[in-house]
Amino acid sequence: MLRMLKKMDGVILFIMLLLMIISVFAIYSGTQTDAHLASHHVKTIYFYVAGFIAVLVIGLVNYKLYVNYAFYLYGFGIILLILANVLGSSINNANGWLKLGEFSFQPAELFKMILILFLAHLIVKRQRGTLQFWRDIVPIGCWAFIPFALVMAQNDLGNALGYVVILAAVFWIGNMRLKHVLIVLTIVGVTFFGFVKAYTFYHDEVFTFLEKIKREHWAERIDPWLVPEKATSKASWHTKNAGLAIGSGSIIGKGYLQGTSVQSGRVPYTYSDSIFVVIAEEFGFVGASVLILLYFILIQRMVWIALSCRDRAGPVIIVGIIGMLLYQVFENVGAFLGLMPLTGITLPFISYGGTSLLINMACIGVVMSIKLYGQEEEDELLMGEQPPRLSERLWSMLKKEKSAV
């Protein structure tokens with residue numbers, strides 16, 4: 001066991017430690033104005049300790065075991081999502097929380113990791129080099145649509161869109177045909193352009209419809225992004241004050257615990273969704289850039305682990321995890337820079353939230369397992385007739401870069 005622990009990626013573990021320090025101090029700063037939240041930074045330390053234990057335990061188990069039993073994990077996750085729909089309580093407009101005494105748990109967060117493992121299981125079981133549209137892409141997409149629909153029913157748009165990003169990342173690494181990629185991109189582009197035009201032109205009608213289905217808060221999040229002139233003061237309050245706080249941080253920030261917008265309470269949820277605002281106002285562009293750099297190094301290390309893996313499941317899992325993390329970072333930060341709508345997505349490893357943090361750390365544990373066991377030959381269960389090309393042009397380019405280094 002000690003030999004295996006020494007083989008774990010020390011750079012990733014060090015980055016996790018740095019992110020823990022940033023998270024604890026940022027949450028402490030963001031909870032000073034509310035006495036009910038005063039212990040959140042201490043709870044975050046406990047969550048991180050549990051997270052590091054999860055990294056070690058999950059990392060020591062061969063990840064192929066997770067892939068082999070992914071179908072059962074998928075079924076278990078679907079049951080949890082259904083229970084969350086039927087018995088779940090509501091927190092911040094999302095109805096997918098299961099409570100066990102004092103402990104609250106969000107199955108939608110857990111299903112991100114389950115979906116990645118299950119999609120890897122489906123991709124690996126395909127014994128063809130290129131994904132076929134009707135035989136592969138459509139059936140796999142249907143499997144992913146089931147949790148997407150269940151989470152949308154929970155009024156959790158952010159996590160539901162995360163499933164779509166994970167699916168797209170897995171399809172890419174699973175080697176879709178170029179023409180299928182172009183078709184999908186065309187459909188997405190036309191749909192997005194049509195949505196923007198329809199929403200802006202028929203704004204009042206759309207808002208009335210959302211009120212009827214009790215989803216008017218969606219409009220409150222989209223309006224400041226697409227039609228700020230029609231957004232109510234309530235709808236634009238969060239993003240407007242967050243943008244002012246980020247801008248006021250300038251280059252080096254106002255100093256720790258000195259953020260006027262954060263400490264005065266003008267920016268809500270500074271311990272969770274808006275925690276990037278705390279860092280940007282108190283540590284400025286430099287502090288925000290350091291945080292983004294840590295994410296970049298983390299993803300870069302994960303890419304190298306994927307490149308050194310000798311079977312197909314490992315790279316698929318890692319690319320799915322990378323897609324999940326990139327989506328969360330881009331959505332969270334972009335929402336406060338006016339690039340994305342505000343969907344309530346947490347900033348990975350930084351925002352307060354036990355479920356989110358533990359699942360992200362568990363995913364890092366799976367990456368560690370791929371680092372430890374990815375050099376082994378594929379076993380018979382994972383072996384196919386023809387290995388996929390894994391987007392050969394980019395793959396070969398990265399291989400050449402690695403050999404040059």
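## Helices, rings and cores

Let's start with two helices that lie against each other: α8 (residues 157–173) and α15 (residues 313–336) pack at an angle of about 145°, and their axes are 8 Å apart. Keep in mind that this is a predicted model. The crossing of α8 and α15 is right-handed. On the α8 side, the residues in contact are G158, L161, G162, V165, I166, A169, V170, W172 and I173, and they meet P315, V316, V319, G320, G323, M324 and Y327 of α15. Sorted by class, this contact has 12 nonpolar residues, 4 polar ones and no charged ones.

The axes of α10 and α11 come within 7 Å and cross at roughly 145°. Here H203, F207, L210 and E211 of α10 touch E216, W218, A219 and D223 of α11. Charge does turn up in this one: the contact of α10 with α11 divides into 4 nonpolar, 1 polar and 3 charged residues.

Stay with α11 (residues 216–226) for a moment. Which of its residues are buried? They are H217, W218, A219, I222, D223 and L226. The cover over the buried residues of α11 includes α7 (133–153), α9 and α10 (203–212).

Next, the aromatic rings. The count comes to 19 aromatic pairs. One of them is F133 with W134: the ring centres are 5.0 Å apart and the planes stand at 90°, which is over 60 degrees, so this pair is edge-to-face. Another is F195 with Y199, where the centres are 5.7 Å apart and the planes are at 35°, so the pair is tilted. F195 and Y199 are 4 residues apart in helix α9 (residues 178–201), so about one helical turn separates them. In general, an α-helix has 3.6 residues a turn, so residues three or four places apart point the same way.

| Residue | Relative accessibility | Counts as |
|---|---|---|
| F133 | 31% | partly exposed |
| W134 | 67% | exposed |
| F195 | 36% | partly exposed |
| Y199 | 4% | buried |

What about the inside of the protein? The largest nonpolar core has 107 residues, and of these I317 and F349 touch the most other members. Helix α14 (residues 275–308) gives the most to this core, with 15 residues. Setting aside its neighbours within four places in sequence, I317 is in contact with Y63, V67, I116, L117, A120, V366 and I370. There is also a second, separate core of 8 residues, which includes V196, W218, A219 and I222.

One last stop is T44, which is found in helix α3 (residues 40–60). Is T44 buried or exposed? Its relative accessible area is 2%, which is under 20%, so T44 is buried. Not counting residues up to four places away in sequence, T44 touches S23, V24, I27, Y352 and L357.

Definitions and conventions
Residues numbered from 1 in each chain as written. Predicted model: local features only at pLDDT ≥ 70, side-chain atom pairs only at ≥ 80, totals over all residues. Heavy atoms only, no water. Axes fitted to C-alpha atoms, helices over the stretch in contact; angles between N-to-C directions. Left-handed = near helix turned anticlockwise from the far one by under 90°. Contact = heavy atoms within 4.5 Å. Nonpolar A, V, L, I, M, F, W, Y, C, P; charged D, E, K, R; others polar. Phe/Tyr/Trp six-rings, centres within 6.5 Å; stacked < 30°, edge-to-face > 60°. Buried < 20%, exposed > 50% of the residue type's maximum accessible area, 1.4 Å probe, protein only. Core = buried A, V, L, I, M, F, W, Y, C linked by side-chain atoms within 4.5 Å.
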